[in-house]
Amino acid sequence: MKHQSEFLNFIQERGYLHQCTNAEGLDQLLLQNNYIVAYLGFDCTAPSLHAGHLVQIMMLRHLQKFGYKPIVLLGGGTTRIGDPSFKDKARSILPIESIEHNTSGIKRILEKMISFDDGKTGAVIVNNADWLDNIKYIDFLRDIGAHFSVNRMLSFDSVKIRLDREQNLSFLEFNYMLLQAYDFVELNKKYGCRLQIGGSDQWGNIVNGIELGKKLNLPELFGLTAPLLLNAQGVKMGKTESGAVWLDSNMLKPYDYWQYFRNVDDQDVGRFLRLLTDLPIDEIKKLESLKDQEINEAKKILATEVTKICHGNKEAELARSAAVSAFENEDSSLLPDYAVTKEQVTCGISLVDLLHNIGLETSRGAAKRLIQGNGCKVNDSIINDVNYIINSESFKGQPFIKLSAGKKRHVKVVVS
């Protein structure tokens, strides 16, 4: 579908446009106004966002480049309930201190990816605890709850699937839709926000906010969702056997982040270049046309560009250089470090424990299977003894040993 506004055509060509509540109306609004305020919300369930959030963040980043103003809403209030959308069970209730800690961590990440300057299009961070914490329950039920149909709420897939599976949905969680809808209303009143962006799993919550705005006689509100980040096999991106692909460098080193995107499936390269980088579309078309071994060059560019946006140019280049040196020039010195103590080396460390402790394997059992399957190497020599011990002799007078799990996971074990 061809749109009149440059922004909608741009996000459609790059693959961001999944659903829109009123595409024609939003198209006209973007044409008539060069200053639109849009928001994207995150609940603070962890101290970092992960790779699965990248598509929505990139949408907000592009929106800002088109001259519009982004709002990032952090759910200091809604996190205390937890979004039940497509979840099998209720989220664990986090203490206030954890939510505040997570909020700070998420802020630090977003400040690297979106501009928060004082200019007209400078992004704003808000916390819905600022208004939700002060709600009077009876007033909220009368003024907001009266506009919601329980029948309608039960019809949304995010709720219906849970109930069809006969999985419990608490009254606490059921309130989440009302609170997120109220967020949109509050942001419209405070900032003139007209557009909410989210992942496709947020469609029901977004629609509720738009319908509430209509019932409260606000200007028309709009919703825009992006597809969830799936790989070629249809599996959600953002998690590995070792855990989530965190955007915080303290939780996942930039080198490992770079490696994650370097190792994506060939079929995903073009789509991820469109969704997760700032590269021009003409350049992306050339890269996605590469075949066979040449596609690896496109993967390196993808990994470097994605790492630049999240961790900065310097860290991206260091990660790229380290990987090229380690895998192409066989220089292990630039691999990421894992420190062990002199005492551990003197006493000896089980190779199984080391693989698990480093995070190269998720469990001791997985580490044993890797070793038995000839998938583990120490200094490029295959080790198939599950009782193998790393000790002083393993280092052979060298400052580190190279430990490998499979062909693509390597670390440098150093003595601290």
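Tutor: **The sheets and their helices**

Five strands make up an open sheet, in the order β9-β15-β14-β11-β12, and their pairing is mixed. At its edges are β9 (337-340) and β12 (381-382), each of which pairs on one side only. The model is a predicted one. Strand β9 runs parallel to β15 (residues 409-415), and 4 bridges join the two. Strands in a sheet are paired through hydrogen bonds of the backbone, in either a parallel or an antiparallel way. A helix also belongs to this picture: α18 (residues 351-358) lies across β9, β11 (376-378), β14 (400-405) and β15. The direction of α18 is at about 80° to β14.

There is also an open sheet of 6 strands, ordered β1-β6-β5-β2-β3-β4, again with mixed pairing. Its edge strands, pairing on one side only, are β1 (19-20) and β4 (124-127). Within this sheet, β2 (residues 37-43) and β3 (residues 69-75) run parallel and are joined by 7 bridges. Among the partners, alanine 38 is bridged to proline 70 of β3, and tyrosine 39 to isoleucine 71 of β3. Strand β2 is mostly covered, with 6 of its 7 residues buried.

Helix α10 (residues 176-191) lies across β2, β3, β4, β5 (195-199) and β6 (222-226), and runs at about 145° to β2. Helix α11 (residues 203-215) packs on the sheet too, where it touches β1, β5 and β6. The direction of α11 makes about 170° with that of β6.

These helices also pack on each other. A packed pair of helices is described by the angle between the axes and the distance between them. For α10 and α11 the angle is about 55° and the axes are 8 Å apart. With that angle, α10 is oblique to α11. The crossing of α10 past α11 is right-handed. On the α10 side, the contact is made by Tyr176, Met177, Gln180, Ala181, Tyr182, Phe184 and Val185. On the α11 side, Asn205, Ile206, Asn208, Gly209, Ile210, Leu212 and Gly213 take part.

The last piece is helix α3 (residues 54-65), which has 12 residues. From its first C-alpha to its last, α3 reaches 16 Å, close to the 16 Å expected at 1.5 Å a residue. Of the 12 residues of α3, 11 are buried, so the helix is largely enclosed by the rest of the structure. The buried residues of α3 include Leu54, Val55, Ile57, Met58, Leu60 and Leu63, and also Arg61 and His62. After α3 comes glycine 67, which has a positive phi near 95°.

Terms used
Residues numbered from 1 in each chain as written. Predicted model: local features only at pLDDT ≥ 70, side-chain atom pairs only at ≥ 80, totals over all residues. Heavy atoms only, no water. Pairing = 2+ DSSP bridges. Contact = heavy atoms within 4.5 Å. Axes fitted to C-alpha atoms, helices over the stretch in contact; angles between N-to-C directions. Expected span 1.5 Å × (residues − 1). Buried < 20%, exposed > 50% of the residue type's maximum accessible area, 1.4 Å probe, protein only. Parallel < 35°, antiparallel > 145°, perpendicular 65-115°, else oblique. Left-handed = near helix turned anticlockwise from the far one by under 90°.
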